[in-house]
Amino acid sequence: MKRLASLSMTNRALIALITVFVMIFGVITARSLKQELIPSISIPVAVVFVSYPGASPAVVEERVTVPVEQAVGSLQGLESTSSTSSTGSAMVMVEMAYGTNMSVAQQDVKAAVDRIEGFLPEDADVQVFTGSVDDLPVLQVAVSDDTDPGNLASRIDTLVMNDLEKVDGVRAVSLTGAPTPQVLIDLDHEALAENGLGADAVQQAVGASGQRVSAGRVTDGQKNLAVTVGQRFGSAEDVAALVLATPTGDTVRLDEVAEVTQRNEAATSLSRTNGEPSLTLAITKTPDGNTVQISDEVKAMLPGLAAELGEGAEFTTVFDQAPYITQSIEDLLTEGGLGLIMAVIVILIFLLSVRSTLVTAVSIPTSVLAALIGMQVFGYSLNILTLGALTIAIGRVVDDSIVVIENIKRHLSYGTPKHRAVLTGVQEVATAITSATITTVAVFLPLGLVGGQVGELFRPFAMTSTLALMASLLVALTIVPVLAYWFLPRPTGDVDQAAVQAEAEAR
């Protein structure tokens, strides 16, 4: 550490350039850092949900739950599994070790379940889910207009959702509260019997129709064109016109042996705004998305989207993370700024020198900006915990610089040449300030080594504190000596020869 001061004094122009670099890129980094309320926490749990319609809980457990648990039991990093078997479905919770990449874990779980696909019932539908804090909506917006919800949902799907999904950082836009159309087929068993048909024949015919299937390829010169046949059902009339083949070789339309009607599925949730029916748009972000930026961009688009929807469409923000984040950051920045001002005032009172105070105060913004650059490198966001760490560090990062500048002033007061006074002043206290800083780091850094969800939450706090403190040590041993050499004046009073002689004898 002592050699850093000598190296800095030998390359003063380079140190000045590095200081300017840290200042400029620190400000740029502060503007580009993600802004979140709390650090992004990945929940190391994957959920395997298997739908098995019509099966009892005992059958579901035997044919679905047990095979799935056995399939995922050999996964690397597995902590435990738990399962729930109920009528028509099974849910297996797969808990992984903290620190596991859940995107990779989801693929591993899906691959493990796919390997036993042949042992599961044919009509079993398997889905694998994982979750994190990023799954919480950044913004929820209620949409209402003068038309019915079905019409509004159709226009939103066509005119709004694609535009919102194009916003940088948006992962998905989901629409809730929209009525889901449903086609109901009420069989006439007497008419079916007269035509020699049963319910299974209708089920097979409906299941095999209304789909697009590949019919091969057609060669046109040097082009190969894919051929697709079939058409999806667009309405209840399309279903009613479905033709059934009877055992005698005749055909009969579905509406001749059944009543086909269209209705909306029974609602399981309601969305209302100011007492009026509405639909809700939920916008979620990618792990790299900036919550505040996404919220601002989406809200700026809403007036134009409302005009495009027409029919008196109105957007109402019902939930928004951005104001909480912005307010928290502003409050912490205010407190941090006040702490910076108070620290400078206290330094001025004790050093009784404007130049010494300014040289010492440089360590505060330089150390904080260097810590911000480190946060960008490690992928941390600007949130209440990392900002809290920077605020706590403001009072501590200036300590090393105060010790260095005071010792340099003491040697200057003895009449020691400025270059020698700077080197001697730094070298005498280098070991002391290094040990003091590392001791403080040893208090904060272990917080980042805690496992589980607590470690996920406080690791950015510990790393940010460590970065700021280590930056302050480097500033005190490199930048502060150079600034002291340039700006500290030589005392104009009488030199204390006794003190100079005592120091020479001590050396």
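Glutamate 256 is located in helix 10, which covers residues 254–257. The model described here is predicted. With a relative accessibility of 51%, glutamate 256 counts as exposed, since the exposed class begins over 50%. Between glutamate 256 and valine 243 the C-alpha to C-alpha distance is 9.8 Å, at a sequence separation of 13 residues.

Salt bridges were then examined. The count of salt bridges comes to 6. In one of them, glutamate 36 pairs with lysine 285, with 3.2 Å between the closest N and O atoms. Glutamate 36 is placed in the loop between helix 2 and strand 1 (42–51), whereas lysine 285 belongs to strand 15 (residues 279–285); the pair therefore ties together parts that are 249 residues apart in sequence. Glutamate 36 is buried, at 5% relative accessibility, and lysine 285 is likewise buried, at 4%. A network of salt bridges links Lys34, Glu36 and Lys285.

A further salt bridge joins the side chains of arginine 155 and aspartate 145, at an N to O distance of 2.9 Å. Arginine 155 lies in helix 5 (residues 149–159) and aspartate 145 in the loop between strand 5 (139–144) and helix 5, the two being 10 residues apart. Both partners fall in the buried class: arginine 155 has a relative accessibility of 15%, and aspartate 145 a relative accessible area of 14%.

The side chains of aspartate 320 and lysine 299 also meet in a salt bridge, with N and O 2.8 Å apart. This pair connects strand 16 (residues 314–320), which holds aspartate 320, with helix 11 (residues 291–309), which holds lysine 299, across 21 residues of sequence. Here aspartate 320 is buried at 8% relative accessibility, while lysine 299 is partly exposed at 30%.

Turning to nonpolar residues, the largest nonpolar core comprises 50 residues, and those with the most contacts inside it are Leu372, Met375, Leu390, Val404, Ile405 and Ile408. At least two residues of this core are supplied by each of helix 1 (2–10), helix 2 (12–32), helix 12, helix 14 (363–378), helix 15 (384–413), helix 16 (418–444) and helix 17 (452–487). Helix 17 provides the largest share, 11 residues. Leaving aside residues up to four places away in sequence, isoleucine 405 touches Leu351, Ser356, Val359, Thr360, Val480, Ala484 and Leu488.

A nonpolar patch is found on the surface as well. Leu338, Ile341, Met342, Ile345, Val346, Ile349 and Phe350 form this patch, and their accessible area together is about 720 Å². Among these residues, valine 346 lies in helix 12 (residues 322–351) and is partly exposed, with a relative accessible area of 40%.

Aromatic contacts complete the description. Over the whole structure, 4 aromatic pairs are found. The ring centres of phenylalanine 378 and tyrosine 380 are 6.2 Å apart and the ring planes lie at 15 degrees, so this pair is stacked, planes under 30 degrees apart being counted as such. Phenylalanine 378 is partly exposed, at 47% relative accessibility, whereas tyrosine 380 is buried, with a relative accessible area of 17%. Phe444, Phe458 and Phe461 form one aromatic cluster.

Methods:
Residues numbered from 1 in each chain as written. Predicted model: local features only at pLDDT ≥ 70, side-chain atom pairs only at ≥ 80, totals over all residues. Heavy atoms only, no water. Patch = residues over 30% accessible without salt bridge, like charges linked within 9 Å, V, L, I, M, F, W, Y side chains within 5 Å. Areas by Shrake-Rupley, 256 points an atom, 1.4 Å probe, with all protein chains shown as cover. Salt bridge = Lys/Arg side-chain N within 4 Å of Asp/Glu carboxyl O. Helix = DSSP H or I, 4+ residues; strand = E, 2+ residues; numbered from the N terminus. Buried < 20%, exposed > 50% of the residue type's maximum accessible area, 1.4 Å probe, protein only. Core = buried A, V, L, I, M, F, W, Y, C linked by side-chain atoms within 4.5 Å. Contact = heavy atoms within 4.5 Å. Phe/Tyr/Trp six-rings, centres within 6.5 Å; stacked < 30°, edge-to-face > 60°.
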